[in-house]
Amino acid sequence: MKKSVRSPGSATIINAIATGFGSAFGIALDIECEAKTVDNGIHCSNDVGADNSLMEICTKKVFSHYDVDENDFGIDLKTKSNLPMASGLSSSSASSNAIVKVVSSIISEEFNLKPLDDLEIINMAIDASLDAGVTITGSFDDATASYFGGVVVTDNMNRKFIIKEKMDEYPILVYMPNFYSKSGDSDKERMKLLAPLVQTAFDFARNKDYFKALNLNGLIYSATLGFDSTIAIDALQAGAIASGLSGTGSSFVAIASEDAIDDIKYSWSKYEGRVIETKVDNKGCRLL
């Protein structure tokens with residue numbers, strides 16, 4: 001049996017590390033995971049040379065849930081991605097969502113067992129990401145924006161939705177500098193110092209004023225983590241609807257109108273790195 005799942009990344013509106021409350025939206029850069037059954041064992045590979053630990057942990061959790069012995073049944077997993085890793089665009093959430101979904105789909109069909117529902121998949125993927133040390137808060141906001149698409153506002157500690165809705169499919173520009181920043185390596189205590197300011201930004205998101213929330217959150221976390229906030233300000237000056245740091249960096253995102261795309265790209269051309277054009281994703285994680 002062979003199945004494939006496509007899972008998009010997400011961009012930050014509110015980073016949840018300071019307060020435990022977050023917000024994110026899906027973007028049309030994704031990870032595709034192809035899985036096929038083999039005689040036994042768990043075999044993982046990817047096209048970007050990344051460590052396979054997260055893939056293996058996700059798969060083992062699904063095997064454990066269904067009480068499947070990998071000595072008697074096996075899965076071969078391969079991922080390919082156009083979603084930059086370690087950049088604040090939820091590559092870990094996208095990967096874990098895709099792997100848990102595809103493996104659970106194969107096992108439930110192969111053994112005629114009950115499929116996992118959406119939140120079971122998400123929670124298992126989050127638990128795997130926590131075990132792998134690739135997230136600080138569990139990233140319920142990132143995971144659900146990736147899984148469902150659209151925009152979410154969430155209580156990450158309790159894994160609860162405050163808002164979950166579709167988002168207008170704006171053009172999105174992503175500035176990628178020539179370095180990476182792993183979420184699990186970030187200074188959690190330093191970020192928590194800014195909690196009162198992040199709470200102000202979160203109040204905008206809770207009231208669906210997502211653009212103000214994204215702008216303010218980006219400025220706060222850029223200052224806290226040592227990123228250059230002029231990258232976002234340049235985008236705003238060039239006509240972006242909103243712009244800010246995504247996750248704990250290193251990428252910046254800009255929500256654009258069609259007629260501002262070239263001006264924003266030009267404003268970022270003086271920085272070392274590259275600019276990726278994409279759009280809001282409302283489709284989420286799905287079998288292909």
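Modeller: Start with Ser 90, which is buried because its relative accessible area is 10%, under the 20% cut-off. Bear in mind that this is a predicted model. Ser 90 sits in the loop between β4 and α2. Its phi is positive, about 65°, although Ser 90 is not a glycine. Ala 86 belongs to the loop between β4 (74–81) and α2 (91–110) as well. Ala 86 has a positive phi too, near 50°, and is likewise a residue other than glycine. That is the loop.

α2 packs with helix α4, residues 140–148. The angle is about 55°, and the axes are 9 Å apart. The crossing of α2 and α4 is right-handed. On the α2 side, the residues in contact are Ser 93, Ala 94, Asn 97 and Lys 101. On the α4 side, they are Asp 142, Ala 143, Ser 146 and Tyr 147. By type, this contact of α2 with α4 has 3 nonpolar, 3 polar and 2 charged residues.

There are other helix pairs to look at. Two packed helices are described by the angle between their axes and the distance between the axes.

Take helix α1 (residues 53–65) and helix α3 (residues 118–132). Their angle is about 130°, and their axes are 9 Å apart. α1 and α3 are therefore oblique to each other. The crossing of α1 and α3 is right-handed. α1 contributes Leu 54, Ile 57, Cys 58, Lys 61, Val 62 and His 65. α3 answers with Met 124, Asp 127, Ala 128, Ser 129, Asp 131 and Ala 132. The residues of this contact of α1 with α3 split into 7 nonpolar, 2 polar and 3 charged.

Now α6 and α7. Helix α6 spans residues 195–206, and helix α7 spans residues 210–225. They pack at about 160°, with axes 7 Å apart. That makes α6 roughly antiparallel to α7, because angles over 145 degrees count that way. α6 passes α7 in a left-handed crossing. From α6 come Leu 197, Val 198, Thr 200, Ala 201, Phe 204 and Ala 205. From α7 come Tyr 210, Lys 212, Ala 213, Leu 216, Asn 217, Ile 220 and Tyr 221. In the contact of α6 with α7, 10 residues are nonpolar, 2 are polar and 1 is charged.

Back to buried residues. Ser 267 is another serine that counts as buried, at 10% relative accessibility. Ser 267 is in helix α9, residues 261–268. A polar atom of the Ser 267 side chain lies 2.7 Å from the backbone oxygen of Ile 264. Leaving aside neighbours within four places in sequence, Ser 267 is in contact with Asp 234, Ala 235 and Ala 238.

Arg 6 is buried as well, at 8% relative accessibility. Arg 6 lies in strand β1, residues 2–14. The side chain of Arg 6 reaches the backbone oxygen of Gly 284 at 3.2 Å. Gly 284 is also among the contacts of Arg 6 beyond four places in sequence. That list also holds Ala 28, Asp 30, Ile 31 and Glu 32.

One more loop to finish. Thr 248 is in the loop between β8 and β9. Thr 248 is buried, with a relative accessible area of 2%. Its C-alpha atom is separated by 39 Å from that of Asn 71. Along the chain, Thr 248 and Asn 71 are 177 residues apart. Ser 250 is in the loop between β8 (242–245) and β9 (252–255) too. A cis peptide bond joins Gly 249 and Ser 250, with omega about 15°.

To recap the backbone details: look for positive phi at Ser 90 and at Ala 86. Look for the cis peptide bond between Gly 249 and Ser 250.

Definitions and conventions
Residues numbered from 1 in each chain as written. Predicted model: local features only at pLDDT ≥ 70, side-chain atom pairs only at ≥ 80, totals over all residues. Heavy atoms only, no water. Helix = DSSP H or I, 4+ residues; strand = E, 2+ residues; numbered from the N terminus. Buried < 20%, exposed > 50% of the residue type's maximum accessible area, 1.4 Å probe, protein only. Axes fitted to C-alpha atoms, helices over the stretch in contact; angles between N-to-C directions. Parallel < 35°, antiparallel > 145°, perpendicular 65-115°, else oblique. Left-handed = near helix turned anticlockwise from the far one by under 90°. Contact = heavy atoms within 4.5 Å. Nonpolar A, V, L, I, M, F, W, Y, C, P; charged D, E, K, R; others polar. Polar contact = N/O pair within 3.5 Å; in protein donor to acceptor, adjacent residues only side chain to side chain.
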